[in-house]
Amino acid sequence: MSRLIVVSNRVSAPRDPAAGSAGGLAMALSAALRKYEGLWFGWSGETVETFTGELQIEDRAGVTVALVDLEPQDVDEYYNGYANKTLWPLFHHRIDLTAYERSFGEGYERTNRRFAEVLAPLIEPDDIIWIHDYHMIPMARDLRRLGITNRIGFFLHTPWPARQLLVTLPHHRRLVESMFDYDLVGFHTEEWLGLFERYVEVEANGTVHADGVIEAFGRRVRAGVFPIGIDVDGFLEARDSPVGSRTYDRMAASAAFRTMIVGVDRLDYSKGLEQRMLGYEQFLEDNSDRRGQVFLLQVTPISRDDVDTYQDIRARLDALAGRVNGAYADMDWQPVRYLNRTFRRDQLAGIYRASRVGLVTPLRDGMNLVAKEWVASQDPRDPGVLILSRFAGAAEQMTSALLVNPFSREELSDAIKRAVDMPLDERLSRWRDLMAVVRKTDVSLWRDAFVKALRKAGQGAGPGDVPSSSQTI
């Protein structure tokens, strides 16, 4: 059987799967690599003075990983620059934060070319290659130029931007054209796929066929919708583990018979954290009788702290949480508990289970797996209520959540009140619908569906081998 080669900016294969801290995606891809005797390739996270392309190959719990160091200039221009200051804000519709610097684009192209040159000698004739996310969009083009003819797939974990915004990117056409060197391109939602198709039709005079084939730039690629999910059984095990149970007991005792609302997001402007805090503040203002009866636990690990934009949002959130507590706290009640730290997966499962309301309100998100984790963690006999932004990719599937516009503090306030007051029979009905979605889109099913489609989608394959633009897995 042919090997599977996974390529991502950073290799997240866990050294110890039993530790309970690895994410569901990492666990699922690691399982696939063990099954197919594959390889996970990416940046080591380290830098060297001069790039040599020397590989560090190691075994992580039965998964072979191949790591390469980059030069500091590569990290500054490719990772901190083009990936995080150009593509990330642009793909999340924040062109006001998007940095268009020529050196960033040059570093992005150079580093992807270096990745391809290091990876190419490791590729065997029957291998299939699965490249992940916006960091490595042009890598298939660079591999093709090196003579690699294997099946290569790409999956985008972020949203795809609207055409009117994407065209603000210098050399946007070249970036999109490089995607036609893949055999299969996957998106989380019909919306992201539709935006990609619209760009190709308008900007490249391309043709979108009903069978999922898209033609442009003199080439063709298959595209499909593959909504990612979580490792449901693994997450339930984490919830019911000794650590998960102890965390639940601690949080339940800490709540002291108050209703806990929880939000868990890394620090990022796309997550709508300021808008969420303002909506919660509006709830306290609108519902004076609920003061002292509820509290918001906002867990926000710091990310990209060396980027000015992230330093600014951290300072604003610190001030906003302080303002809410200063205005509404009492001697025995603090309305906001704001934590800048990372918790293990089993700890998060216990926290989710102890909450009555899950607040997942990004301004724009590829999928948002916190929404699915929160649902999976709930007590089937007495579940809480999920409040979900309509701009999260998960909203396309999770229609039984309370869908909100996170830009409206009044709408957020009303949704919190409705969730807190919701009777058990309605909570049960909504949770059952949501849990069915979570089960249906388990991460292992997502992984296997994409790999199966990629195996069938080699260049020149007949139509109908992958999900069309009007169907999902």
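Predicted model: local features only at pLDDT ≥ 70, side-chain atom pairs only at ≥ 80, totals over all residues.
Biologist: OK, strands. Which strands does β1 pair with?

Modeller: β1 (residues 4-10) runs parallel to β5, with four bridges joining them. With β2 (residues 39-47), β1 also pairs in the parallel sense over four bridges. Strands here are DSSP runs of E with at least two residues, helices are runs of H or I with at least four, and both are numbered from the N terminus. Two strands pair if DSSP finds at least two bridges between them.

Biologist: Which residues sit opposite each other there?

Modeller: L4 stands opposite I128 in β5, and V6 stands opposite W40 in β2.

Biologist: And is β1 mostly covered or mostly open?

Modeller: Mostly covered, as six of its seven residues are buried. Buried means under 20% relative accessible area, exposed means over 50%, and partly exposed is in between, using a 1.4 Å probe and protein chains only.

Biologist: Moving along, what does β14 pair with?

Modeller: β11 (residues 259-264) is joined to β14 by two bridges, and the two run parallel. β14 is also parallel to β15, with four bridges between them.

Biologist: How do the β14 side chains point?

Modeller: From β14 (residues 357-360), V357 and L359 point one way and G358 and V360 the other way, and all are buried.

Biologist: What's the hand of the unit that β14 makes with α13 and β15?

Modeller: β14, α13 (residues 369-377) and β15 make a right-handed β-α-β unit. Right-handed means that, with the strands pointing away from the viewer, the path from the first strand over the helix to the second runs clockwise.

Biologist: How many residues of α12 are buried?

Modeller: Eight of the ten in α12 (residues 345-354). Those are R345, D346, L348, A349, G350, I351, Y352 and A354.

Biologist: What do they pack against?

Modeller: The buried residues of α12 pack against α8 (232-240), α9 (242-255), β11, β12 (294-299) and α13. Contact here means heavy atoms within 4.5 Å.

Biologist: Switching to holes. How many cavities of 30 Å³ or more are there?

Modeller: One, and the largest cavity has a volume of about 40 Å³. On a 1 Å grid over the protein atoms alone, a cavity is a set of points where a 1.4 Å probe fits but cannot get out, and lining residues have an atom within 4 Å of a point. Grid points are joined across faces, edges and corners, and the volume is the space filled by probe spheres set on the points.

Biologist: What lines it?

Modeller: The lining of the largest cavity is W374, G384, V385, L386, S400, R427, R430, W431 and L434. β15 (385-389) and α15 (424-440) each supply at least two of the residues, and α15 gives the most, with four. By type, the lining has five nonpolar, two polar and two charged residues.

Biologist: What about T111, buried or exposed?

Modeller: T111 is at 0% relative accessibility, so it counts as buried. T111 is in α3 (residues 102-119) and touches L70, D74 and Y78, leaving out residues up to four places away in sequence.

Biologist: Last one: where's E201, and what does it touch?

Modeller: E201 is in α7 (residues 190-203) and is partly exposed, at 34% relative accessible area. E201 touches G206 and V208, again not counting residues up to four places away in sequence. The C-alpha atoms of E201 and E215 are separated by 9.1 Å, with the two residues 14 apart along the chain.

How values were computed: Residues numbered from 1 in each chain as written. Heavy atoms only, no water. 1 Å grid on protein atoms, 1.4 Å probe; cavity = no way out; pocket = protein on both sides within 12 Å on 5 of 7 lines; lining within 4 Å. Nonpolar A, V, L, I, M, F, W, Y, C, P; charged D, E, K, R; others polar.
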